[in-house]
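Subject: Structure handover

Hi,

Here is the structure you were expecting. Please load it first, then read the notes below.

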Amino acid sequence: MRLHTPPAGVPSWRCAAYCSPSSSSPSAPAPPNHQERSSLQVPVVHRDAVFPPAPGAPPGGLLRLRHGADAGHYTVQLASLHPTAAADDDDRLRSPVLSGLPFDSGEYFAVIGVGDPSTRALVVIDTGSDLIWLQCAPCRHCYRQMTPLYDPRSSSAYRRIPCASHRCRRDVLRYPGCDARTGGCVYMVMYGDGSASSGDLATDRLVFPSDTHVHNVTLGCGHDNRGLFESAAGLLGVGRGNLSFPTQVAAAYGRVFSYCLGDRMSRAKDSSSYLVFSRTPELPSTAFTPLRTNRRRPSLYYVDMVGFSVGGEPVTGFSKASLALDPATGRGGIVVNSGTAISRFARDAYAAVRDAFNSRAAAGGMRKLDTNFSVFDACYDLRGRGHATVRVPSIVLHFAGGMDMALPPANYLVPVEGSDRRTYFCLGLQAADDGLNVLGNVQQQGFGVVFDVELERIGFAPNGCSA
């Protein structure tokens, strides 16, 4: 959970839109070389398939609000995630992806290889930023990571990008710099939660399971890194900007990708979650809403919402204007973001949803607690009065174009651990006061999500991981 206070005017969530590479440039970087593939697919392995929980352990780290977890004992299991050839030969590029809960992180990670020979890297998947970067040796300042530190001196494919390159211009890289000693381009990227990375802009090879290589990928080699990345080796930016990974491979796979983020609380092995770059057959249950572009934050994936329903009844008592993007001011609308855990909505909208939920929860036998847990102000004991069965109110998000997103209870009831060591559940939504509404990955889990820039739409399919 990101509880740090960002600089004034910067949203308190993981997003580098205000300082990451811009998508407004008319000249995108030259596409990297790649092996021919019909699609670029990254299957998802749930964290419990790699990090088995202790017997009888309560629900996981972030949602227990348990801080300072010792993740050192996961190193052995993580070593087994080195990218290797997949068992099948469906001509798709694959890599394990896992939940960050063992590290008290609310993000999802991919395991890729970087360099030649390759070093495995555990990277955050982030639709809210563009630049791909990794911690690099030699390190001036690096946080602890679970995979080996990437050393570009060991890679025969590594190349510094010169200052004269178009990729080192401000219209491509928001805050470029030049190392006068070497003539190489340097980068700096900062995030709304106070995290940051800076170092050399370069190209190298990325390796995915099934032994597929993507050559000449532009990335940041970070020698000075700080913040809340919780054991990851870096970040895989999949935003809409010129230096994001989907843009760099668009010549091969098109400007469309999709993912399904598995249930973070499941203790069953789950290899059906995925991240895939290319146009794939749509699930019959996929419904689409128009993709909007915010000129003030062009790297982000915006959609418009039109309302909520709780317990089958429309929620009233708030201004729906905050749910739709205002092109003139850049406020409103909903950002679909994999790098934020909990969804956040304008304060009046959140309050209306919370109050409607409280009312229907009480009628269903859910006992509301008098205490709050961190950012959550609506928490419940689900054992019911006299251990009776409780009825959980449904929540549906309504989007423009007639698309409805009916959330399973696990996507909005967040387990937390009380001082009595018992597990309670909180309404997993937050209020936003900065005009930036976000659909987070907790609410997205289990849905197949399609980011179709070519057709300017975003789609959601329930039960998308099991399809």
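Start at Gly113, which stands opposite Arg120 in strand S4. In strand S9 (residues 196-208), the bridge partner of Gly113 is Val207.

Some ground rules before the rest. This is a predicted model: local features need pLDDT of at least 70, side-chain atom pairs count only at pLDDT 80 or more, and totals for chains, interfaces and linings use all residues. Residues are numbered from 1 along each chain as its sequence is written, and side-chain values use heavy atoms, with hydrogens and water left out.

**Overall**

The protein has 7 helices and 29 strands. These are DSSP runs, numbered from the N terminus: H or I with at least four residues for helices, E with at least two for strands. Of the 467 residues, 60% are buried. Buried means under 20% relative accessible area, exposed means over 50%, and partly exposed is in between (1.4 Å probe, protein chains only). Take the contacts between residues at least 6 apart in sequence: 72% of them join residues at least 24 apart. Contact means heavy atoms within 4.5 Å.

**Around S3**

S3 and S4 run antiparallel and are joined by 6 bridges. Two strands count as paired if DSSP finds at least two bridges between them. S3 also pairs with S9, again in the antiparallel sense, over 2 bridges. S3 and S4 form a hairpin with 4 residues between them, and Gly115 in the turn has a positive phi of about 95 degrees. The loop between S3 (108-114) and S4 (119-126) also holds Pro117. The peptide bond from Asp116 to Pro117 is cis, with omega near 5 degrees.

Why is S3 largely enclosed by the rest of the structure? Because 7 of its 7 residues are buried. Both faces are covered: Tyr108, Ala110, Ile112 and Val114 are buried on one side, and Phe109, Val111 and Gly113 on the other.

Most residues other than glycine have a negative phi, and most peptide bonds are trans. A few places here are worth a look. The peptide bond from Ala137 to Pro138 is cis, with omega near -5 degrees. Pro138 lies in the loop between strand S5 (133-135) and strand S6 (159-160). Asn216 has a positive phi, near 55 degrees. Asn216 lies in strand S10 (residues 212-226) and is partly exposed at 34% relative accessibility. Glu456 also has a positive phi, about 55 degrees. Glu456 is in the loop between strand S28 (448-452) and strand S29 (457-461), and is exposed with a relative accessible area of 55%.

**An open sheet and its helix**

4 strands form an open antiparallel sheet, in the order S20-S21-S25-S24. S20 (367-368) and S24 (413-417) stand at the edges with a single partner strand each, so one side of each has no neighbour in the sheet. S20 pairs with S21 (residues 379-381) in the antiparallel sense over 2 bridges. There, the bridge partner of Lys368 in S21 is Tyr380. Helix H6 (residues 347-363) packs on this sheet and touches S20, S21, S24 and S25 (423-427). The direction of H6 makes about 10 degrees with that of S21. Axes are lines fitted to C-alpha atoms, for helices over the stretch in contact; angles run from 0 to 180 degrees between N-to-C directions.

**Cores**

A nonpolar core is a set of buried Ala, Val, Leu, Ile, Met, Phe, Trp, Tyr and Cys residues joined through side-chain atoms within 4.5 Å. The largest has 71 residues; among those with the most contacts inside it are Phe245, Phe308, Phe357 and Phe460. H6 gives the most to this core, with 7 residues. A second, separate core of 21 residues includes Leu131, Tyr143, Met146 and Phe229.

Asn441 lies in helix H7 (residues 441-444). Asn441 is buried, with a relative accessible area of 0%. Its side chain reaches the backbone oxygen of Ser338 at 2.9 Å.

Best wishes

Terms used: A polar contact is a pair of N or O atoms within 3.5 Å; within protein, one must be able to donate a hydrogen and the other to accept it, and residues adjacent in sequence count only if both atoms are side-chain atoms.
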